[in-house]
Amino acid sequence: MIRQVLLFISVLSLSSVLGQISYSIPEEMAKGSLVGNIAQDLGLDARRLLSRKARIHTGDSAEYIELNKERGVLLIKEKIDREALCGQTTPCALHFQITLENPMEFFPITLEITDVNDNTPVFQKDERTFEISEIAVIGSKFMLEKAIDPDIGLNGLQSYTLKPSDNFMLKLHSQVDGTDGRKNVEMILQKPLDREKQEHMSLVLTAIDGGEPQMSGTMQILITVLDANDNAPVFTQSVYKAIVTENSPKLTVVTTISASDADHGSYGRITYSIRNTLDDIKGIFEVNDESGEVRVIGNIDYEKARNYQINLRASDDGGLTDSCKVIVDIMDINDNKPVINIMSKSNVISEDAKANTVVTVFNIQDPDSGENGKVQCIMNENMPFLLKSTSNNFYSLVTDSDLDRERDSGYNISVTCSDEGVPSLSSSVTFTLQISDVNDNAPVFEKTSYEAHLIENNTPGLSIFTAKARDADWNQNARVSYILEDSSVNGVPVSSYVSVSADSGVIHAVRSFDYQEIKDFQFCIKAQDGGSPPLSSNVTVKILIQDQNDNAPQVLYPVQTSSALVAEMVPRSADVGYLVTKVVAVDADSGQNAWLSYKLQKATDRALFEVGLQNGEIRTIRQVTDKDVVKQRLTVIVEDNGQPSRSATVNVNVAVADSFPEVLSEFTDFTHDKDYNDNLTFFLVLALAVVSFLFITCLVVIISVKIYRWRQSRLYHSNLPVIPYYPPRYSDTLGTGTLPHVYNYEVCRTTDSRKSDCKFGRAGSQNILIMDPSMTGTMQRIQSEKSILDEPDSPIEVRLL
């Protein structure tokens, strides 16, 4: 047989239809046997199975098939028994899948299991005994048990033989039994029996299958030939009655029946049996064939049947019979819980529902009888509901007090129904009830008022912040819309400043704001729900504009002009720390954006001057010497403290000299240098005019010098008043010592003269030239000298400290 299995082990077929691969193998193959080369059938190298992480998904077939990735083959994991796997079902197949990754592919596999003749036909009993009267007529039929062969097809059961066949023959029913498909076997008497010749007979019934090799099973038939029987059994009662409690344990004795037979020997031996065939009596009761005890073998349920009728038969060995019946009444016990049937149910109820509004109606049923079927129902406490009982075990659940969805949006109402049996049985049900909303709550803002900050120069349409209101109601009643209340800011409608998103409450800036124009404003927002009628509430919103560093510092002093040359004079005798001038600047911004700092960016001599970081004061940092050049130019940068920082620059011309003519001669070069670069042609014309006018000027100068010497002594001792001029809003009123000082300087015509021709005074942050009215001639001479050196429309302004 092993050789035949090995010959049949070859794979019958391999097909790939729409990606499906099929194999066919015989059952009972040894563990590790080859099913098929899946790598070859998939058109892949075995190494590809490893690299693409081949996996087998077998599901319920996991215990039978495994994948060997190294060899690329499918192997038997456990021996397969077709009969255990599929029974009589054909064809018998296993279905599983193989998946590959990179790319993901899916291959269904079908493995058909073919049958081998590995089962012998088997009878349920090894022997069967018959007692046949010697007067049995020819053609009497005796039913034999069928043999069972789990194999299918030719390997299954094919035929029967009976030996010896002198008195009996076999007959197979032509109709197929609807239960298992096998033919019934009958033994037919074909020759009369003679107890005197042969009282006992032994026959062998053989069942043969069609496999290769052929296999068979046998059952021995023992026949006892009986003498003729002329008396039938007789029951003592035709009807027996009994009472049994439901759910009685198995083998509980219901009653005992009894019959008698006048015959002797085998004809007088009685056997009892149940002859009910149309109901399930045989599954509930049994009778002892010798003692006649009727016992419980199944489940007795009062609710299914309250009584049973058992038909019994008494048979002697000769085949004569008598019958009776047993009436069994079932006694109820409390074994059923009450059943709750929902007749009408509301899942949603309005929160303004009135008292005694019906929510649910249900019915209670208990199949038990008497006290076991009486039911009472209760519900959980602290609920705004009441349980009312009506006739015929109907209950209604009604409202008992006011409902509030905002307090409780829903209820889980548990109802427990218990019967009055001992012990009591109960059932529970939970009703989920949602409370629908009515518009009884107005929107409420998260804050009583809002305050938001907005940086100036914002982009129009910028989102400032969100005013959020919540409504305790639900759905449409809780849908909040935001409305900007009409008002004005500085006579302008607030709608030109901000807008409010109706859905989200987001406040947007309608325009760009300037901190220097408006620093704050406020307005009202109304939150309105979508109920009918709608409810609303208001909140005040204050917007604070924050400054941004959008203004560069503005230099107020010294004034930068293109038509005049401004110079500060420093005597050569000035000490360390001498205050030359002060740069005054302002910034229109606020806060740290307006904090100014001063730095010396460029200087003719950086070792001579310094600038105060905070106050802008230009002071000397060393002793002025005769070697220092007269013409000094300083460039001061003024920066604010904003991010990013903004700045402005100012040029300060400083004259290091002890005499006014020296200043004039040196600073004429400033003008010449500047204007020369601006307009070369103009200077050529100016040079010609200066040469032409020089002669006249010299005459005027000589006359002026004489007058000047005469008036010098008188002016030197005069005390002329000094009238200071303070730039508006920028005078130093705190007495820091940086502005309110008056300085007198001498301007002499010659280096050896100690007499003053004029005095210059300074107060606040502006230099004022002060002179005696009698010095009109001297100033005219100075103006004349200036006109010789400079163009007529560009006067020289000399500011001395």
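This is a predicted model: local features need pLDDT of at least 70, side-chain atom pairs count only at pLDDT 80 or more; totals for chains, interfaces and linings use all residues.
Strand 31 and strand 32 make a hairpin with three residues between them, and N392 in that turn has a positive phi of about 60 degrees.

**Around strand 32**

- Strand 31 (residues 385–390) pairs with strand 32 in the antiparallel sense, over six bridges.
- Strand 29 (residues 358–365) also runs antiparallel to strand 32, and five bridges join the two.
- V398 is a handy residue to look at: it is the bridge partner of L386, and also of V358.
- Strand 32 (residues 394–399) is largely enclosed by the rest of the structure, because five of its six residues are buried.

- Four strands line up in the order 10-17-16-13 to give an open sheet with mixed pairing.
- Strand 10 (127–133) and strand 13 (157–163) sit at the edges with a single partner strand each, so one side of each has no neighbour in the sheet.
- From one strand to the next, the twist averages 25 degrees.
- Strand 16 (residues 200–209) and strand 17 (residues 216–226) run antiparallel and are joined by nine bridges.
- For one of the contacts with strand 17, look at L203, whose bridge partner is I221.

**Aromatic pairs**

- Searching the whole structure turns up 15 aromatic pairs.
- In one of them, the ring centres of Y497 and F521 are 5.2 Å apart and the planes are at 40 degrees, so this pair counts as tilted.
- That pair links distant parts of the chain, 24 residues apart: Y497 is in the loop between strand 41 (492–493) and strand 42 (498–500), while F521 is in strand 44 (residues 520–528).
- Y497 counts as buried because its relative accessibility is 4%, and F521 is buried with a relative accessible area of 4%.
- F521 also pairs with F513: their centres are 5.4 Å apart and their planes at 20 degrees, so this pair is stacked.
- F513 is buried too, as is F521.
- Elsewhere on the aromatic list, F445, Y450, F465 and Y482 form one cluster.

**A nonpolar patch on the surface**

- F693, F695, I696, L699 and V700 form a nonpolar surface patch, with about 470 Å² of accessible area together.
- F693 has its place in helix 7 (residues 680–716).
- At 37% relative accessibility, F693 counts as partly exposed.

Conventions: Residues are numbered from 1 along each chain as its sequence is written. Side-chain values use heavy atoms; hydrogens and water are left out. Patches are made of residues with over 30% relative accessible area and no salt bridge: like charges are joined within 9 Å, nonpolar side chains (Val, Leu, Ile, Met, Phe, Trp, Tyr) within 5 Å. Accessible areas come from the Shrake-Rupley method with a 1.4 Å probe; for residues, only the protein chains shown count as cover. A salt bridge is a side-chain nitrogen of Lys or Arg within 4 Å of a carboxyl oxygen of Asp or Glu. Buried means under 20% relative accessible area, exposed over 50%, partly exposed in between (1.4 Å probe, protein chains only). Two strands pair if DSSP finds at least two bridges between them. Axes are lines fitted to C-alpha atoms, for helices over the stretch in contact, and angles run from 0 to 180 degrees between N-to-C directions. Rings of Phe, Tyr and Trp (its six-membered ring) pair if their centres lie within 6.5 Å; planes under 30 degrees apart count as stacked, over 60 as edge-to-face and the rest as tilted.
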